[in-house]
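Hi,

Here is the structure I promised to pass on to you.

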Amino acid sequence: MSSDFEGYEQDFSVLTAELTNRIGKIPKLVGDEKRQLVSSVEKQLEEARELLEQMELEVREIPPQSRAMYSSRMKSYKQEMEKLDTDFKRSRIAYSDEVRNELLGDDGNSSEIQRAHLLDNTERLERSSRRLEAGYQIAVETEQIGQDILENLNHDREKIQRARDRLRETDANLGKSSRILTGMLRRIIQNRILLVILAVIIIFAVLMVIFFSVRGH
C-alpha cells in the first residue's frame with residue numbers, strides 16, 4: 001500500500017517541478033505561444049489533481065496507526081497544489097517587464113492598475129472557491145455520517161427482525177407442544193375411565209358369582 005503511495009508521490013513531485021518551471025515562463029510569452037502553454041499547463045494541473053486524489057485514496061487504506069505521517073505529507077502537497085493554482089492564475093494575466101513595455105509602451109502604469117484589480121478579483125474568487133470546497137467537504141462528510149447511521153439502523157432492524165422470527169418460531173413450538181400435551185391428557189383420562197368401567201364390571205361379576213354360590217347352598 002505505501003509503495004503505491006510513494007510511486008504517486010514521486011510522479012507528483014516530478015510533475016509539480018515541471019509545472020513550476022512552465023508557469024514561470026507564461027508571463028514572458030504573448031499570443032498563440034502563450035495560449036498553447038496555458039492550455040498545456042491546465043492539462044498538467046489536472047493530472048496533478050488526479051495524482052493527489054489517488055494519493056488520498058491510498059492514505060485512507062493505510063492502518064490508522066501509520067496514517068498520521070502520510071496525512072501530514074498530503075497536507076503539504078495540497079498546499080503546494082493550491083500555490084501552483086494561484087501562481088498559474090496570476091501568470092495568465094501577468095507579463096514580464098519586457099513584454100509589457102513592448103505591448104503597452106507609455107500605458108504601462110495603467111496596465112499595472114488593471115493588473116492589480118485583476119489580481120484582487122482573482123484572490124477573491126480563490127477565497128470563494130476555497131469556501132465552496134470547504135462547504136462541499138462538510139456536505140460529503142455529513143452524507144457519509146448519514147450513510148453510517150442508516151447502515152447501523154438497517155443492521156439493528158435486521159437483528160430485531162431475526163429476534164421476532166425466533167419468537168414466532170418459539171410460539172409455534174409452544175402451541176404444538178400444548179396440543180400434544182392436551183392430547184396426552186385426554187388419552188390418560190379416557191384410559192382411566194375405561195379402567196373404572198372395567199373395575200366396576202369385574203366387581204359386579206364377582207358379586208354375581210358370590211350371590212349365586214350362596215343361593216345354591
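On the surface, L198, I202, I203, V206, L207, I210 and V214 make up a nonpolar patch with about 660 Å² of accessible area together. Patches take residues with over 30% relative accessible area and no salt bridge, joining like charges within 9 Å and nonpolar side chains (Val, Leu, Ile, Met, Phe, Trp, Tyr) within 5 Å. Areas come from the Shrake-Rupley method with a 1.4 Å probe, and for residues only the protein chains shown count as cover. L207 sits in helix α5 (residues 108-216); helices are DSSP runs (H or I, at least four residues), numbered from the N terminus.

Please keep in mind that this is a predicted model: local features need pLDDT of at least 70, side-chain atom pairs count only at pLDDT 80 or more, and totals for chains, interfaces and linings use all residues. Residues are numbered from 1 along each chain as its sequence is written, and side-chain values use heavy atoms, leaving out hydrogens and water. The mean pLDDT (the predictor's confidence in each residue, from 0 to 100) is 80.

Now for the salt bridges (a side-chain nitrogen of Lys or Arg within 4 Å of a carboxyl oxygen of Asp or Glu): the whole structure has 8. One of them joins R73 and E9 at 2.6 Å, N to O. R73 is in helix α3 (residues 64-93) and E9 in helix α1 (residues 2-25), so this pair ties together parts 64 residues apart in sequence. E9 is buried (under 20% relative accessible area), at 10%.

Enjoy exploring!

Methods: Helix = DSSP H or I, 4+ residues; strand = E, 2+ residues; numbered from the N terminus. Buried < 20%, exposed > 50% of the residue type's maximum accessible area, 1.4 Å probe, protein only.
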